[in-house]
Structures are given as structure tokens and as C-alpha cells.
Amino acid sequence: MTTRIGVVTFPGSLDDADALRAVRIAGGEPVKLWHRDTDLRQVDAVVLPGGFSYGDYLRCGAIARFSPVMGTVIEQARAGMPVLGICNGFQVLCESHLLPGALTRNDHLHFVCRDQRLTVENADTAWTRDYRAGQEITVPLKNGEGGYVADERTLDELEAEGRVVVRYLDGNPNGSRRDIAGITNAAGNVVGLMPHPEHAVETLTGPTTEGLPFFTSVLKQLVNA
Amino acid sequence: MARVVVDVMLKPEILDPQGQAVQRALPRLGFEGIKDVRQGKRFELDVEGPVDDAALARVREMAETFLANTVIEDFTVRVEAAGAQEGAPA
């Protein structure tokens, strides 16, 4: 039986097709979910893709967080279902309080779009098991509000508990505190990151295929569960 | 109908690059003497019925859960003086 990975489309999502494609290339069964669905159609994990849900009105991800689908996603995530939020998806996870902190306007005010080097710091989450800790990867990054902020106590806690999943290498693109590019919850099933692993799964269109392990990791996690 | 204003500002410790960009532009335009600028959001809510304690409590709840992200933002709620903008107060 193949593993079903749902990808939610919100009004304004734009990387949902890429995320579905990454799931397929990784060997999973991609399942399209609509933001008004409350039934997750028996998926084993969910990806919240990048884009501009609701045009980023109010704050990035603030309105999407109240979409009907998020009620079920939040409930299932708390029960242990793997959830990956990429870029706007990361913002939605922070707005949902599934992950601590928030994302703010890039410190230089410019939209960044570049291939970004990262270190995988935590290879023990549902979404990073196919990496090894300390591994350096390159995946695309594109955001205008990608600066990760949290109070010092939360940042210390994240560091102490090894919950920083990926960190920026070769320069911080957006002013994120402590070069944080992605974090996980305490249980390790919810991961959010600003860079886009789903755009680095094929050599034809990506700078590398080093984003693919995010998607293969969760498949193994679910098979072994 | 009464108007309730919710002002949302980034917390003082959160970097406000937009405010800084505005602050840097001011001297170029000949406006000297501004040491700092913080930029926020203002919501004007026209509330049906009386703005009593219960209505204000609802607005505060709305601000806390939705209009502001209290991880990074502070907010204030106030009732705008009746009749300031239009006709007689209800």
C-alpha cells in the first residue's frame, strides 16, 4: 500500500503542484486537499505548500490558519500526524501555534530568490530522517517575509532541545534570528522551513535533488510506524 | 453605530524594517529631527448596537486571536468619540 501525502491548496497557494510532484517523485501517493475540506481523505501526512494564501492579507498565513482544513490538520498534528510547512506553510504553522515564534518582513525589505545553502541540524524528525545531522544541502529560497523571530527564551529552548532543523549557511538571507531556516515541534512530527525542498527534487528544474529526502523521510517514517 | 479602533504595533523588541526605511527617507525629504519610526496597522470596526463592556470584550478577543499576532505584536482597543465623523450619536 502506498503512503498517501496530502497537499493543501489555499486561495493563493502557488507551490502546491510542485509539492504534489515531489511526493510522487519520492514514491508516495499525492492527494490534493482543498482548504475548505475538513476530511483529510485518509492521508498519512500533510504538506502545507508555499505561496500567498489569501494574498498574505493581514499577516502571512493569518487567514489561512482559520481555513476549515486547518481545524483537522491542527487536531491531527497534535495527535502525531507528520505535517510539513514550506515557506507560507511555515507561516501558517506559526500562526496556528503548532510551531513557536513568527515570521516577519525580511530585514532588508527585499524579496529574496536564490539557491540557498543550509545545514541540516536535526536528522531525527519525521521529515529529515533521510539526512544525516550536519549534512549541507542547497535548495531554492524565495520569500519577502522570511525572518524568523521568537523571544530569547524560546530561541534558547529550541537550541537546547535540538529543535532547529535547518540553518542558513553562507549568509543569512532575511535576518532570521540565529540563522534559523526551519524548526520542529517537541514531538518531531511538525516541521516548518522557509526554503523550498520541493523545488530541488529534479535536476531539470532544480539546482540539486537535495530537497528530495524531506519527502522520502516521511514515507519511511510512516512505513516503519 | 459606533466605531471601535484597534491599533496593532510590532512589539518594541521586534525589528521593524519598514519603519526604519521610512525613517531613513525623512531627512532626504527635508524632514529632520525624527529619531525613530515604527509602522503599525489600524483597524476601524463599525460595531452594530451599543459598545458596552461585552462588545468591547468581543473586540479584544478578536484582536487577540486574529487581528494581532501576540507573539510579535501588541494591540490597543478604544472607542472613537461618537459623532466625530457623522451625524448624531445613535
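Visitor: Which residue of chain A forms a salt bridge with B:Glu73?
Guide: That's A:Arg59, and the closest N and O atoms of the pair are 3.8 Å apart. Keep in mind that this is a predicted model.

Visitor: How many salt bridges are there between chain A and chain B?
Guide: The count is 1 salt bridge between chain A and chain B. There are also 5 residue pairs in polar contact between the two chains, both residues being at pLDDT 80 or more. On the side of chain A that touches chain B, the residues split into 7 nonpolar, 4 polar and 4 charged.

Visitor: And how many residues are in contact across the two chains?
Guide: 15 residues of chain A touch 15 residues of chain B. Together the chains bury about 1,200 Å², with 71% of that on carbon and sulfur atoms.

Visitor: Where does A:Leu58 sit?
Guide: In the loop between β3 and α2 of chain A. A:Leu58 has a positive phi of about 70 degrees, although it isn't a glycine. A:Asp56 lies in the loop between β3 (45–48) and α2 (68–78) of chain A too, and A:Asp56 has a positive phi of about 60 degrees, again without being a glycine.

Visitor: Switching to chain B, what's the strand order in its sheet?
Guide: β2-β1-β3, an open sheet of 3 strands with antiparallel pairing. β2 (41–47) and β3 (73–79) are the edge strands, each with a single partner, so one side of each has no neighbour in the sheet. Neighbouring strands are turned by 20 degrees against each other on average, ignoring direction.

Visitor: Which helix packs on that sheet?
Guide: Helix α2 (residues 53–67) of chain B, which touches β1, β2 and β3 of that chain. The direction of this helix makes about 155 degrees with that of β3(B).

Visitor: How many bridges join β1 to β3 in chain B?
Guide: 7 bridges, with β1 (residues 2–10) and β3 running antiparallel. B:Glu73 turns up here again, with B:Leu10 standing opposite it.

Visitor: OK, what about the sheet in chain A, how many strands there?
Guide: That one is an open sheet of 9 strands, in the order β2-β1-β3-β4-β11-β10-β9-β6-β7, with mixed pairing. Its edges are β2 and β7 (136–143), and each of them has a single partner strand, so one side of each is left without a neighbour in the sheet. The twist averages 25 degrees from one strand to the next.

Visitor: Which helix packs on this one?
Guide: Helix α3 (residues 88–95) of chain A, touching β3, β4 (83–86), β10 and β11 (190–193). The helix direction makes about 120 degrees with that of β4(A).

Visitor: How do β9 and β10 of chain A pair, parallel or antiparallel?
Guide: Antiparallel, over 3 bridges, with β9 covering residues 164–168 and β10 covering residues 180–184. A:Arg167 has A:Ile180 as its bridge partner in β10(A).

How values were computed: Residues are numbered from 1 along each chain as its sequence is written. Chains are lettered from A and ligands numbered from 1 in the order in which they are written. This is a predicted model: local features need pLDDT of at least 70, side-chain atom pairs count only at pLDDT 80 or more; totals for chains, interfaces and linings use all residues. Side-chain values use heavy atoms; hydrogens and water are left out. Contact means heavy atoms within 4.5 Å. Buried area is the accessible area (1.4 Å probe) that two parts lose on being put together, summed over both. A salt bridge is a side-chain nitrogen of Lys or Arg within 4 Å of a carboxyl oxygen of Asp or Glu. A polar contact is a pair of N or O atoms within 3.5 Å; within protein, one must be able to donate a hydrogen and the other to accept it, and residues adjacent in sequence count only if both atoms are side-chain atoms. Ala, Val, Leu, Ile, Met, Phe, Trp, Tyr, Cys and Pro count as nonpolar, Asp, Glu, Lys and Arg as charged, and the others, Gly among them, as polar. Two strands pair if DSSP finds at least two bridges between them. Helices (H or I, at least four residues) and strands (E, at least two) are DSSP runs, numbered from the N terminus. Axes are lines fitted to C-alpha atoms, for helices over the stretch in contact, and angles run from 0 to 180 degrees between N-to-C directions.
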